[in-house]
Amino acid sequence: MKKYLSIMAIAALAAALLAGCGSESEEAAADADKPYAGTTLNVYTWTEYIPDSVIEAFEEETGITVNHSTFSSNEDMLAKVKSESEGAFDIVQPSDYMVEQMASQGMLEELDKTKLTNLSNIDESYMNPEYDPDNTYSIPYLGGVEAIAVNTAKITDEITKYDDLFDSSYENQVVLLDDFRAVIGLTAKSLGYSMSTTDAAELDEIKTKLLTLKPNVKLYDSDSPKSALIQGEATIGSMWGAEVALAMEENPDIEVVYPEEGAYLFMDNWAIPKGSKNVDAAMEFINYMLDAENMSEILAEFPYLCPNAAAVALMGDEYASNKAKNPPAEVVENGEYIKNLDTDTLTVYDQMWTELKQ
Amino acid sequence: MKKLSRHTFRSNTLPSMAMVGPVTLWLAFFVAIPLVYVFIMSFCSIDESYNIVFKFTASNYERLFNPNYMQIYGTSILVAFLTTILCILIGYPFSFMIARTKWKHKALLYMMVIIPFWTNSLIRIYGWRTFLGTGGWLNHLLMTLNLTSEPIEFLFNKGATVLGMVYCLFPFMVLPLYTAIEKLDQNLLEASSDLGAKGHTTFRKVILPLTMSGVFSGSIMVFIPCLGYFFVSDILGGGNSDMIGNLIERQFQSGNNWPLGAALSIILILITLLLVKLYQKAGGDMDSLGV
């Protein structure tokens with residue numbers, strides 16, 4: 001008797017499941033406003049970069065289920081996308097140089113921009129970047145600048161450039177990002193060279209100068225460099241603009257300085273990896289994120305440099321006039337994106353970084 | 001006779017297969033194959049787009065002799081050595097007290113060593129950073145008590161790294177020591193005292209030799225992970241003095257050179273094997289390593 005009962009129970013469960021499926025697909029078919037309802041989008045973004053509420057609202061509006069996972073470095077993301085089978089991800093978020101690298105390896109789908117009705121919200125100056133001319137593969141999302149943060153209560157000298165971080169009077173007071181491209185990059189900039197130089201003589205000079213930074217460095221911290229500044233462990237440092245903005249809120253003595261040599265600039269982008277099975281739904285997702293209102297909601301939580309002019313207009317004065325959150329146009333104009341390095345040059349960079357950090 | 005042997009085959013092979021099979025499979029899939037994979041990768045190269053290509057090269061191993069790397073190996077071994085010594089100096093009396101206490105809630109004391117480990121070690125290390133920072137509680141306390149006028153800079157040096165390592169790895173020293181001291185035969189101690197040995201002589205001639213196996217296995221279990229705990233030197237050391245673990249991590253991340261990272265990992269494994277060999281030479285018992 002018990003046996004029959006359990007069989008019946010299983011049958012009932014199966015029937016319920018089948019019925020569930022049925023009604024779901026009927027629902028999808030019934031709603032013409034939601035052409036992609038029932039689809040699951042695999043979205044792979046940077047950590048702490050898109051509020052859950054925005055994703056939930058997108059799911060609500062479109063009936064698409066978003067399967068959201070995160071990464072914390074471009075290289076991590078690249079390795080993961082490579083190791084998974086094609087179609088494992090529908091949306092990725094590579095930075096500038098990574099767009100170039102992925103596109104050159106044929107890892108990205110070309111985007112049909114006619115589907116992006118909100119694309120005009122993006123400021124012209126951010127379109128057609130050097131890493132992806134014509135925006136064939138990518139649409140800018142949020143970006144930033146490696147700015148200098150200085151505690152003016154402790155440092156009274158006027159700080160204007162990356163080169164000031166090398167001043168020997170700041171011994172054991174500097175906090176830097178634990179990121180070799182950022183630190184070697186600012187050294188290159190302070191000498192007037194490109195952040196991605198491959199010239200051997202320039203690299204020699206950069207290395208010599210880089211090692212003079214060692215006595216000044218109190219700590220390297222990529223996760224929360226602002227903490228050392230807020231707690232007074234460091235008095236000056238370089239970090240992403242959004243970090244400086246948060247530090248300024250905690251301690252009004254902290255100020256943001258954009259280096260006159262030109263700053264390290266990054267831009268993270270929406271892109272669709274090759275082999276995605278839900279390209280149309282993915283385009284719908286990107287278009288949703290380009291919407292001024294949605295983007296301003298994101299910006300309220302994550303105040304980075306935003307190429308979406310319509311969203312910035314909605315943000316009001318607090319954001320627009322905050323120099324750390326919203327860098328002036330000329331800073332962005334004079335900024336430099338890093339470029340991919342060939343393997344031999346990367347070895348040179350890696351070796352000087354190792355020597356600095358040993 | 002034939003029938004009997006078939007019978008014994010069945011009755012022995014099947015059960016033992018059933019017992020050993022899963023373990024063998026487990027070891028093959030999660031230990032042997034990954035190790036072989038790392039070993040093979042350490043001889044691979046990368047192409048211009050940083051893909052791993054199976055083209056044999058020994059250049060990854062040549063790069064390991066770079067003087068910068070050598071200095072980092074030296075720093076790592078120094079930090080691991082100091083950590084081990086400190087763990088022994090603190091852990092030995094500590095374990096002795098727990099093991100020999102007459103208090104009936106001995107198990108509770110033992111548990112208290114383990115309970116902090118239910119929290120993620122990364123979080124506990126960040127806790128130390130908050131505690132020791134120039135604006136942290138300890139400095140606050142010292143300044144309130146007028147013991148110092150300026151905050152003391154505890155963090156972002158090798159000392160802070162060693163402290164974090166000792167804190168993280170302390171239980172790995174205590175547990176084998178506790179087992180060894182617990183096993184000490186009370187009669188031997190009494191005999192020693194009957195024969196006229198004073199406390200320190202008993203310790204030197206009886207207790208220490210009998211618990212040396214615990215000291216050895218504790219040292220192995222502290223020293224080896226210490227070489228690889230890159231997050232401690234990152235967070236408490238401020239990234240100023242890299243260790244082997246940092247080098248490996250970097251090659252798998254920003255360096256984007258997995259074969260070189262694999263070669264570095266192989267070096268770490270070789271150091272480990274060498275230490276375990278030394279441990280066996282010194283008369284250590286593999287079982288008491290708990291591995």
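**Close-ups of a predicted two-chain model**

**View 1. Helices α7 and α9 of chain B, packed together.** In chain B, helix α7 (residues 158–182) packs against helix α9 (residues 199–228) at an angle of about 160°, with the axes 8 Å apart. Axes here are lines fitted to C-alpha atoms, for helices over the stretch in contact, and angles run from 0 to 180 degrees between N-to-C directions. Helices (H or I, at least four residues) and strands (E, at least two) are DSSP runs, numbered from the N terminus. That makes α7(B) and α9(B) roughly antiparallel (under 35 degrees counts as roughly parallel, over 145 as roughly antiparallel, 65 to 115 as roughly perpendicular, the rest as oblique).

Residues are numbered from 1 along each chain as its sequence is written, with chains lettered from A and ligands numbered from 1 in the order written.

**View 2. Who touches whom between α7(B) and α9(B).** On the α7(B) side, the contact residues include M165(B), L169(B), F172(B) and M173(B); on the α9(B) side they include G214(B), G218(B), M221(B) and V222(B). Contact means C-beta atoms, placed from the backbone, within 7 Å. By class, this contact has 13 nonpolar, six polar and no charged residues. Ala, Val, Leu, Ile, Met, Phe, Trp, Tyr, Cys and Pro count as nonpolar, Asp, Glu, Lys and Arg as charged, and the others, Gly among them, as polar.

**View 3. Helices α6 and α14 of chain A.** Over in chain A, α6 (residues 200–211) and α14 (residues 343–357) pack at about 15°, axes 10 Å apart. So α6(A) and α14(A) are roughly parallel to each other, and their crossing is right-handed. L203(A), K207(A), L210(A) and L211(A) in α6(A) meet V348(A), M352(A), E355(A) and L356(A) in α14(A). The tally for this contact is six nonpolar, no polar and two charged residues.

View 4. Chain B has 12 helices and two strands, and the pattern along its sequence is α-β-β-α-α-α-α-α-α-α-α-α-α-α. Its C-alpha trace spans about 70 × 70 × 30 Å along the principal axes. Of the contacts in chain B with a separation of 6 or more, 71% are between residues 24 or more positions apart.

Terms used
This is a predicted model: local features need pLDDT of at least 70, side-chain atom pairs count only at pLDDT 80 or more; totals for chains, interfaces and linings use all residues. A crossing is left-handed if the near helix is turned anticlockwise from the far one by less than a right angle, and right-handed if clockwise. Two residues are in contact if their C-beta atoms, placed from the backbone, lie within 7 Å.
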